[in-house]
Amino acid sequence: MDMNRRQFFRVSGAGLAASSLVALGFSPTAALAETRAFKLTHATVSHSICPYCSVSCGMLIYKLGDEAKNVRERVIHVEGDPDNPVSRGSLCPKGSGVLDMINSPARVKYPAVREPGSKEWKRISWDEAITRIAKRMKADRDANFQTKNAAGTTVNRWTTTGFLMCSSSSNESSYLTVKVARGLGMVGIDTQARV
Amino acid sequence: MTNSWTDIRNTDLVLVMGGNAAEAHPVGFKWVVEAMEKRKAKLISVDPRFNRTSAVADFYAPIRNGTDIAFLGGVINWLLTNDKIHHEYVKFNTDATFLTKPGFELKDGVFSGYDEARRKYDKSTWGYQLGEDGYVLVDDTMQDPACVYQQLKKHYSRYTPEMVSKICGTPKDKFLKVCEMLGEMSAPDKTSTILYALGWTQHTVGSQNIRTMAMIQLLLGNIGRPGGGVNALRGHSNVQGVTDMNAYAEVFSGYLSAPMDGDDTYEKYLKRCTPKPLRPNQFNYWSNFPRFFNSLMKSYFGKAATPENNFCYDWVPKLEGGFDAMHLFELMHQGKMNGFLSQGFNPLATVPNKNKLSAALAKLKYLVVIDPLETETADFWQNFGPFNDAKPENIQTEVFRLPSNCFAEEEGSLTNSSRVAIWKEASIALPGEAKVDSEIMALLFVKLREMYAKEGGAFPDAIANLAWDYVQPKEPSSTELLREINGKALADVLAPADPANPTAPRAVLVKAGQQLPGFAMLRDDGSTACGNWLYSGAWTEAGNMTARRSLNDPTGLGVYQNFGFAWPANRRILYNRASADPSGKPWAPNKKYEYWNGKAWTGADIPDMMPTAAPEMGMGSFIMNPEGVARLHAIGMAEGPFPEHYEPFETPIGVNPLHPGNPKALSNPCARVFKSDMDAFGKKEEFPYSATTYRLTEHFHTWTKHARLNAIIQPESFVEISEELAKEKGIRHGDSVKVSSNRGHIVTKAVVTKRIKPWDVNDQKVHLVGIPFHWGFKGQTKNGYLANTLTPFVGDANSQTPEFKAFLVNIEKV
C-alpha cells in the first residue's frame, strides 16, 4: 500500500465506511488519488438567457442550495451555453459579469413607500403596498374615466394614469401586463422598445 | 431582423451603419467574422466615429451624424445611374412598375399636400393610380414618367456624390467606394446584409433612415434571401418580444391596429383594418384581421365576448392621438396625468430632457416603480447634490417601490433579435420579498377586481369579466400564459365547406379544448381564442415549442428549425419566396433557399407564401401588403413616400443644403414638437458642436453601473472629442469638462481621441462630441450626471423615437 502513516490513520479514521469500501473492492490508493471535487459538481445547473442585448446568448447558471426550506440559494457560476446555436458558448464582457448583476447590492428586496414631502423610503408590507396603490388607481380611474367622447362615441378609456412597461421581462409577463392595462381601459401605455 | 443571427454566415457583404455591432452585439458579431473568414465576405463600416466595428472593417467611411438619408439617397442615385440593380427581382418584387398619381410632386423639399399648421400631409396626391377594377395601373416597360421607377430616379437624381459629400462630410472617393462595393451585390449570386441599431432609429427621420436602406436592399435584390435582409439589432434581450406583445397605445398584441375615436362602430373598425387586394391573385394576408382580433378578444374576455356583442368591442379603450413615452411626460408636465407606473424602466435616464422629466414626475399624485434595481427614477425626489438638485420637502408625489425579478429568477420565453422565442428556466430564488413581474400585475389586478366588486365604480364590466381562469389567480404561471398566447380551440374548428359539395360534413381540424397548431386555424366566429396570433404555434398540442433545443441544421445554412420558435409560423427568413425567381427557381445555385418543386413551395425554411400557389398565379412575395410587392413608394410614412434628407432639429449648419431657401424643409416637417420644447432647442451660434449618445461594450444602459465587475472596468463617465477640437478648446486628455445644451449641463471627463475627426460640411468644419450614457447618481460606479440632461424632447415623425443621436452642445474646460 502506497501511503504514509498519517494518511493511513486518516483512511482508517474514516472508520467503517472506508473498510466497507475496501471490502467492496475500492482500494485506499484509488480513494487517495481522487482530488477535491469541483464545487460545480454539487451545483444545480439551469438554462437561461443573457438579459442584456438581443443576441440573447445562452447561459448556464450554477447554483448551490437544494430548494429545501431554510437553505439560502446562491448562484456561484455563470458560463456560456455551448449548445446555443447563436452564441455557441460565448459571452461578452457584460454577460460574463452577470453574476454581479444578480447579486448587486442595489437589488430592491422589500416594498417601500416615500410619503409626500418625505426625505426617505419606508419599508411596508406587500399587502399594504398593493392596497394603497390599488386605492390610488381606483380613485383616479373612477374620477377621470371617460365612457363617451364629445361626439357620443363609446370610448371607455382612462387617460390620467400612464404605464411604461418593461422590455426585459418574459413574453408572458409582458402579455399579462398589457392585458391588465387594457382591461382597466388604459391608453397611456408604452415600453422601452420605443426609445 | 428579417433574417437571423446565424444567417449572417451566408452573406457576401456586411454594411454596418447606424450601429456598432462589434461593440454593442459582440457575440452576434461573431457571425460577421465567420462570413469574413469562411466566405471572404467584406465588411463596410459607415459611422460618425471610427468605432470598434470600423477597426475590423475592410472599409470605413466617416459620416456626419443625422445625415444618413443623404448618404443612402446618394447610393440609390448611383445604383440607378450605373445600372447596378437586380432588374428581374425589382420588377417582380417591388412597385417599380406601378403608376403614381399625377398630382404628386416634391417642391422645395416639401411634398404635395403639406399643411404647415398641423405639421401633417393631406396624402390624397400620394399613392397609386387605380383602374376601374380597383387594381393598380402598371407600366411593365417602366418608361412612363409616372411609374414609381421613374419617380424614384427623378427624386434621387439630386443626391449627387458632390451633394452627399457636402451634407455628410464623407470624402467623395470614400462614398463612391461604398457605392461600388454595394453595387456588386446586385448580381443574382451575391447578397449583402445591413446591420443597424439605434444609430438609425433615434433620429427625427429614423423610420425613413431605415426605409432608404430597405429600398437599396430591394434594388439590389437582397430581401427574402439567405445572407440578405434588413436587420435591426434590437437592444434588450426581450425588446423584440415586448414589441410583439405590443405594450403600446396604438396597437394590440400582434401589431393589430388599436381602435381610434373615428372607429365608432365595430364594422367601421374592421373595415379600416382589413385591406382589399390591390393587384389580382394576391394573398393579402391582413384580410385575416377579424380572425386575429376576435380571437384576441376571446382571450381577454372569454365567455363574455360573443358575436352578438361584437366580441366586447365597446369594452376596449379607444385611442385619441398619441400616447408614446414623450407624450405621456408632456401630459404629466402639463399637470394632466395623476398617476404613473414604471415597470423595469428608468425613464429619467432614457426619455429625453431629464430636467423636464423631473419637473413632470413632481406633479404626479402617485408614482409606482416596479424594478429589480434601485433606479434614478424611483429616487427622482432625493437630493444628490448637483447631480440631482431636488428638494424633497417640495415634492408631494407619493412614490411606491416594488421589488421585482431579474432575468435569472423568472421562468418564461424571451424573443431574440432573430424573432426566435426561447424558453429559459428560473435559475434562482428571488431575493428578499421580491416577486416576479407577472405576479405583481396579478396581485394588483385581483385587488382592484375585489374593490370594484365590493364598491362598484367607473365601468366595472371589463374588469369583472377579464378572463382570469388561472390555477392560482394571484400567481399565473408562464406556462399557462404562453398557452393562452398560443391560443386554443373553444369549439371544434372545422375545415372550410367544399364548394363542390357544400352540404357535406366538414372535417374537424382542431378539436374543442386543444391547443392550436398555428394561426391558420384562427376563426372569426368565436370558436378560437388567441392572445397573440404571431405566437400561435409556440405552445401546441406537441408542447412548448420555445423550449426546443435541437442543433440540427440540415441545409448547413444556419436554419435551426427545431431550436425555439420563430414568429411567424416558425419562419426563419421573412419574405423568403423572394429567394426564388418569378418561375420559382433559385436566383442562383449558391443561393438556393425556398423554391417551387412543381407541386408546392419547399426548401430550407417554412415558405412565406401560400404553400400551393403555383408561380404562374403571380402571387407576390410580400404577402402582408395588399399589392403583393414591397413598396418603393410608401404612403404610410408621415413625411413622404420617398425619404428626403432633413437636418436634425438641432443642426450644426443651420441649413438644409438641398433646400437652402426653404426653412420649412430644414428639419422633418412632420415631426411632432410640443410648444415648450420648440423653445428649448439650441442654436449653433451658442451650441456649435454636434453631439450623439452611445453605448460601450462594458455596460448596458443604466443597469450595469450597479454591477461591481462592470463598474471596475468602466468606472466613470466621460465624453470623447477629437484632437482638433481639444486643441481649439485647450482641453487635455483627462481634463474635467462642462458639456451643456440648451436644456442643462453635465460635468464629466474628456477623452481626446483620434477615433473622432471633424468633418468638412457645407464649407465649414463640424465637430462631434461623443457621449456614452451609462452613468448616473446611483450605482457602484462613480456617481455623476445623467447624460440625458442634454437630450432634446423631439422624436421620429412615425415612431416618436427620440432624437438621441444628433443634437447640439457646447464644451468648456472647467
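Residues are numbered from 1 along each chain as its sequence is written, and chains are lettered from A and ligands numbered from 1 in the order in which they are written. Because the model is predicted, local features need pLDDT of at least 70 and side-chain atom pairs count only at pLDDT 80 or more, while totals for chains, interfaces and linings use all residues.

**Chain A**

The mean for chain A is 87, and 83% of its residues reach 70 or more. Residues 8-19 of chain A have a pLDDT below 50, and beyond near neighbours in sequence this stretch has four contacts in the model. Two residues are in contact if their C-beta atoms, placed from the backbone, lie within 7 Å. Where pLDDT is low, the predicted coordinates should not be read in detail.

Switch to a cartoon view: chain A has seven helices and nine strands. Helices (H or I, at least four residues) and strands (E, at least two) are DSSP runs, numbered from the N terminus. Of the 195 residues of chain A, 45% count as buried. A residue is buried if 20 or more other C-beta atoms lie within 10 Å of its own, exposed if 12 or fewer, and partly exposed in between, with C-beta atoms placed from the backbone. Among chain A contacts between residues at least 6 apart in sequence, 37% join residues at least 24 apart.

**Where the chains meet**

Now show both chains. Their contact takes 100 residues from chain A and 136 residues from chain B. On the chain A side there are 46 nonpolar, 33 polar and 21 charged residues. In this count Ala, Val, Leu, Ile, Met, Phe, Trp, Tyr, Cys and Pro are nonpolar, Asp, Glu, Lys and Arg are charged, and the others, Gly among them, are polar.

**A sheet built from both chains**

Which strands make up the open sheet of seven strands? Select them in the order β5(A)-β4(A)-β14(B)-β13(B)-β12(B)-β8(A)-β9(A); the pairing is mixed. Two strands pair if DSSP finds at least two bridges between them. At the edges stand β5 (122-123) and β9 (189-191) of chain A, each with a single partner strand, so one side of each has no neighbour in the sheet.

Zoom in on β4 (residues 112-114) of chain A, which pairs with β14 (residues 398-403) of chain B in the antiparallel sense over three bridges. Here A:V113 has B:F400 as its bridge partner. On β14(B), six of the six residues are buried, so the strand is largely enclosed by the rest of the structure. B:E398, B:F400 and B:L402 point one way from β14(B), and B:V399, B:R401 and B:P403 the other way.

Next select β13 (residues 366-371) of chain B, which runs parallel to β14(B) over six bridges; B:D371 is the bridge partner of B:P403. Further along the sheet, β8 (residues 161-165) of chain A and β12 (residues 339-343) of chain B run parallel and are joined by four bridges. A:T161 stands opposite B:G339.

**A helix in chain B**

Select α17 (residues 437-455) of chain B. This helix has 19 residues and reaches 27 Å from its first C-alpha to its last, close to the 27 Å expected at 1.5 Å a residue; the expected span is 1.5 Å times one less than the number of residues. Its buried residues include B:I440, B:L444, B:L448 and B:Y452. Just after the helix, B:G456 takes a positive phi of about 70°.

**Strands β27 to β29 of chain B**

Select β29 (residues 744-753) of chain B. It pairs in the parallel sense with β27 (residues 718-722) of chain B over five bridges, with B:F718 opposite B:K749. A hairpin joins β28(B) to β29(B) through two residues, and B:V739 stands opposite B:I746.

**The nonpolar cores**

Last, select A:I189, B:V769 and B:V809, the residues with the most contacts inside the largest nonpolar core, which has 272 residues. Such a core is a set of buried Ala, Val, Leu, Ile, Met, Phe, Trp, Tyr and Cys residues joined through C-beta atoms within 7 Å. Leaving aside neighbours within four places in sequence, the contacts of B:V809 include B:F687, B:V739 and B:V769. A second, separate core of six residues includes B:W587, B:Y595, B:W596 and B:W601.

Key:
pLDDT is the predictor's confidence in each residue, from 0 to 100.
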